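Dear colleague,

I am passing on the structure we talked about, and below it I have set out what I found in it. Please read the notes with the structure open beside them.

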Amino acid sequence: MLLFRLVNAKQLFRRPAQTGLCLLGIALGVGVVVSVDMANRGAVAALRSAVDAVAGRATHQMTAADGGLIADETLAHVLAHPGVQAAAPVVDEFLVVEALGNRPVQVLGVDPFLERPFRSLTFSTRSAETGRQVFTDLLTRPDGVVLPESLAARHDLVPENSLNAIVGARRASLRVIALYTPDAPRSDDGQPLIMDIAAAQELFGRSSGFHRIDLIAPDDAAASLAAVLGSTVIVERSDRRTNRVEDMIRSFRLNLTALSLLALLVGAFLIYNTLTFSVVQRRRQIGILRSLGVTRAQVAWLFVLEAAAFGVAGSILGLGLGAVLSHYTLAAVGGTVSSLFAPVTAEDAALTWPTVTKALSLGLATSLVAAAVPAWEAARIEPRIALGRTVIDERLMRWSPGFALAGIVLLGGAAVLVGLPVPSLWPGFLSAFAIAVGFALLTPTLALWLVGVLSVLFAGVAGVVALLGVRNISASFSRTAPAIAALMVSLAMVMGVGLMVRSFRLSLVDWIGATIRADVYVSPVGNVAGRNDAILPPEVIEAVRRLPEVEAVDTLRRRSIVIGGQRVNVLSANFAVLSNRARYLFTAGSRDEAIRRLLSSDAVIVSETFSRRSGLTLGDTLTLDTAAGPATFEIAGVYRDYTTDGGVVMMDRSAYERWWQDTDLNNAAAYLRAGADAEAAAAALRSALGSRYQLIIRSNAALRAEILRVFDRTFRVTSVLQFLTMFIAVVGILAALLALLLERTRELATLRSLGMTMTQLRGMLFVESATMGIVAAAVGTAAGIALAYVLVTVINVRSFGWTIDFRLSAAVIAGAWILALSSAMVATLYPAWRLGRMSLAAAMRED
Amino acid sequence: MFAPGPPERVAGFRGDRELKRDYVAAIEYLDVHRAFPEAGRQHEALSGVTLRVERGEFLAIAGKSGSGKTTLLNLACGVDVPTAGEVLVDGRNLAEMSDRQRSLLRRTHFGIVFQFFNLMSTLSVEENVSLPAQLAGCTVRESRERARRLLSDLGLSGRERDPIDRLSGGEQQRVAIARALINNPPVILADEPTGNLDSESGTVVLQCLARLSREQGRTVLMVTHSSDALEFADRVIHLRDGRLIAGGG
Ligand SMILES: Nc1ncnc2c1ncn2[C@@H]1O[C@H](COP(=O)(O)OP(=O)(O)O)[C@@H](O)[C@H]1O
Ligand SMILES: [Mg+2]
């Protein structure tokens, strides 16, 4: 250890900025990985608790196959079925409560006695009542609701407060009769209001029907129950439901993890940079040690040890940083999960041992891999006093054509992987990785080439100062080339993700333009994904039709059916109204022909997600279980749909009503006469209907804005990651420049003593770092476009099943260039400032 | 090791040249001190040096290693600043100049030659020489022409495009002299210019410097270890432990 103290320890403290930047780099890399990991876990936990809060202790859940209600008499069958230990019906509704911020909140209507085996709730009331008494109160007071305590606390509500609510067609007054705390702490949004089931049915204007029946039963009993009840209900294990939810966000999590690992790559570069720098700095010392009998292996060990020290210290810092960052990434991830899948409020996740272990081993492994080349270089130092500069720069230059070749091979491999016709995400991730590494390997050659071109240019025109700037890049190639490559990878990531999001957004805007064509949209509150029972009262639709400025009204009915074990949405619309108004975007089949067939025969159009999942496309036939028995439909077209990642089968209303005998409607869309004002019409409808019904009435512009708002919220997490990656890249390039400057202190002092002003010196540094930035941005642009292509055409399609048109956005690319050049500029500020403060006389004495 | 010459030659001027003392001195040190912190205490590299360097004079500074010779040169061109006392260049106090003004002064007023040449390894011979001219705002073309002329004067024609590491030590030092001369400065500062050369190359370099003073009337301030080098100087002063011991006219 004397050796380590002799060679390494002193160096670390002599160069605090250098050491600090290296630690910061690793800490940031590890921090991003940790925070994404924690955010992922937090989001999953929030989702799971939202599902659990609904499921309670049920082993199984029974729902109606059509996404509607289960008939009351089914409950008797269930309770009587052998093997079923407990069963409880649930009405699951939404309610707008003034005192709870006027937002829709979930209400569960439960049977207090049947429900008891499913939830153990702790109640608090004004008088010292027991749980049993609360249940009795629920039965005897139809306006009574029980509120989750945290929600009540947030809105300053206590038992016996009364609540004004808007329920369907009328206002209702409710009374808080107790507060409850769930048996396990859960996120707020997972906690519903609870009331008596009969009261809930009455409140929501239904005399019968449940949304689901919770069961406690062994699997075989549940299976036989399902068999007895037939295809009208679906019985599902509760944990399957949870797993399905987790499946939904798995590919999303995978995407995030892949992005976060790129951040660590930049951290690895910083270790490499710091160690190479220390090898250069300590050449003479190592030469002396070698002549004193220290072996090559011992020298290599010194640097491996140093890397390990950096790795461990940086990872520990990174853990702390990650825990702090996770607060923000979790908010972003939670936002994404809420917009994509289900509303959740994620609570900060705690740092757990698996995360700690993962962070430490990742940090350490990355550091050791990054240490390999510098340690090898150090071990090669001959046992004499090494005066000359390192030969690795030259060697790297000689090797760069070989690297380039390897890079081209990797890029070829990426192209092959992209073409593989498999549904798995792995080829996509592998090819993204191959693109990043392949372009990184090409970078040295391209950098040398650009330095050559700029040298010729500057030698003739801009003069020696600029020339010095660019030539410095090739003179310290073992330091500059990796710095450029690291910046390039960060830029490629920023551009790749940016272009993907941009392409997605532009596709979405196109889709909105084609699909969201009506002027005013009316839907009931509670009309959320997977719920088809929120019905628009017929008088509301009448009121819309009667509005003088309305020219035509399209209505939508949604129902779920099960095809091959998967729940699929069956939508029906008035294609006679739509035919010359909305333009669905067809990926197979022609629009006119499809609409003609929809109106004239038993034909459907299907979403591309359905087509991809089922393998059925234009011209195929599809058999659906209708109310009148199985019916065969011809697929007249495949259209683009971004509303859900579940499949959609769409037909005309006439066909739907014929096969299902169902006249309920979920939404209405009004088309106004030319020149009518949509906002005014929406306002008129709101004032006519708003006080009596629980409706969401939006103008076209408002709905479009809302869709884009949800989209932007979904992708906020990627912006957070992009920002972090760029930040790490700036730290990386700053560290590289600082190292290069320290190494060249004497040379720079010489320039200053020859009469170079600080301004000229800054100019030279800027030429140097801007050249590095330009190379990184140029290669990064190519890599970013390739990455975006893979993200758009492979990863995204396989994650969500949506086709996105690949678009190149000049704004995204220009943004990345500006970022590259400005970070190059920022990175020179500190080194130049340090140099300005340094005594020239002292600098000239440096060896 | 340094062997002092006869006192009368060391202390006085050579009879063959008349130097005018009534002019403002090229460089004037007035009770100059320079202290460096060392092991917690202040160590004086120069303690109370007063020295006039006349225009056109070839002055040699002799002294043991660590006696303060380099510090003295550094103070002349504003690379370093005194802790006490004043350094005047053409009568102007360096302490009253900004960093930028001192940079401009170094660029146009001084040519500096170092013991280890300090050429830029990434630049060619010609580019190295033209560097200070371009720093001074000279065009690429013009600076290149001046560099070529100087290089051929110094016997380096044909080597203009060579990389620096292809040159011998003597050649490199001549490139450094060409670089020092490119902006036609009135004062040349040379810090042990022959310290890293064999005696033959050293003589060539010394002849060059002498010519700069004799034929071109430049002031030359040369730090040296070697007694041979002293032969070329008009005047020699000795430094010991930061004090002038002889010749400090
Ligand atoms: N920048 C500096 N920092 C600390 N000490 C210095 C510095 N420059 C010179 N010295 C000290 O000042 C003394 C004189 O140095 P120098 O002028 O370089 O001597 P010489 O050139 O005669 O060998 C020496 O003791 C040296 O260690
Ligand atoms: Mg010296």
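A polar contact, as the term is used here, is a pair of N or O atoms within 3.5 Å; within protein, one of the two must be able to donate a hydrogen and the other to accept it, and residues adjacent in sequence count only if both atoms are side-chain atoms. By that rule, 12 residue pairs are in polar contact between chain B and chain A, both residues being at pLDDT 80 or more.

This is a predicted model, in which local features need pLDDT of at least 70 and side-chain atom pairs count only at pLDDT 80 or more, while totals for chains, interfaces and linings use all residues. Residues are numbered from 1 along each chain as its sequence is written, chains are lettered from A and ligands numbered from 1 in the order in which they are written, and side-chain values use heavy atoms, with hydrogens and water left out.

The interface

The contact (heavy atoms within 4.5 Å) draws on 26 residues from chain B and 27 residues from chain A. Together the two chains bury about 2300 Å², of which 60% is on carbon and sulfur atoms; buried area here is the accessible area, with a 1.4 Å probe, that two parts lose on being put together, summed over both. M120(B), T122(B) and L135(B) supply 25% of the area that chain B buries against chain A, more than any other three residues.

Across this interface the rule finds 2 salt bridges, a salt bridge being a side-chain nitrogen of Lys or Arg within 4 Å of a carboxyl oxygen of Asp or Glu. In one salt bridge, the side chain of R752(A) meets that of D99(B) at 2.9 Å, N to O. On the side of chain B that touches chain A, α3 (99-108), α4 (125-135) and α5 (140-153) each supply at least two residues; helices (H or I, at least four residues) and strands (E, at least two) are DSSP runs, numbered from the N terminus. The residues of that side of chain B divide into 11 nonpolar, 7 polar and 8 charged, where Ala, Val, Leu, Ile, Met, Phe, Trp, Tyr, Cys and Pro count as nonpolar, Asp, Glu, Lys and Arg as charged, and the others, Gly among them, as polar.

Helix α25 of chain A

Helix α25 of chain A (residues 745-753) is largely enclosed by the rest of the structure, because 8 of its 9 residues are buried. For single residues, buried means under 20% relative accessible area, exposed over 50%, and partly exposed in between (1.4 Å probe, protein chains only). The buried residues of α25(A) include T745(A), E747(A), L748(A) and R752(A). After α25(A) comes G755(A), whose phi is positive, near 105 degrees.

Salt bridges within the chains

Over all chains the structure holds 34 salt bridges. One of them joins the side chains of R237(A) and D219(A) at 2.6 Å, N to O; since R237(A) lies in strand β10 (residues 233-237) of chain A and D219(A) in helix α8 (residues 219-229) of chain A, the pair ties together parts that are 18 residues apart in sequence. R237(A) is partly exposed, with a relative accessible area of 35%, and D219(A) is partly exposed at 40%.

The side chains of E634(A) and R597(A) also meet in a salt bridge, at 2.9 Å, N to O, and this pair links distant parts of the chain, with E634(A) in strand β17 (residues 629-639) of chain A and R597(A) in helix α19 (residues 591-600) of chain A, 37 residues apart. E634(A) counts as partly exposed at 23% relative accessibility, and R597(A) is partly exposed at 26%.

In chain B, the side chains of D80(B) and R34(B) meet in a salt bridge of 3.0 Å, N to O. D80(B) sits in the loop between α2 (69-76) and β4 (84-89) of chain B, and R34(B) in strand β1 (residues 27-38) of chain B, 46 residues apart. D80(B) is buried, with a relative accessible area of 4%, and R34(B) is buried at 12%.

Chain B as a whole

Chain B has 8 helices and 10 strands, and buried residues make up 55% of its 249 residues.

With best wishes
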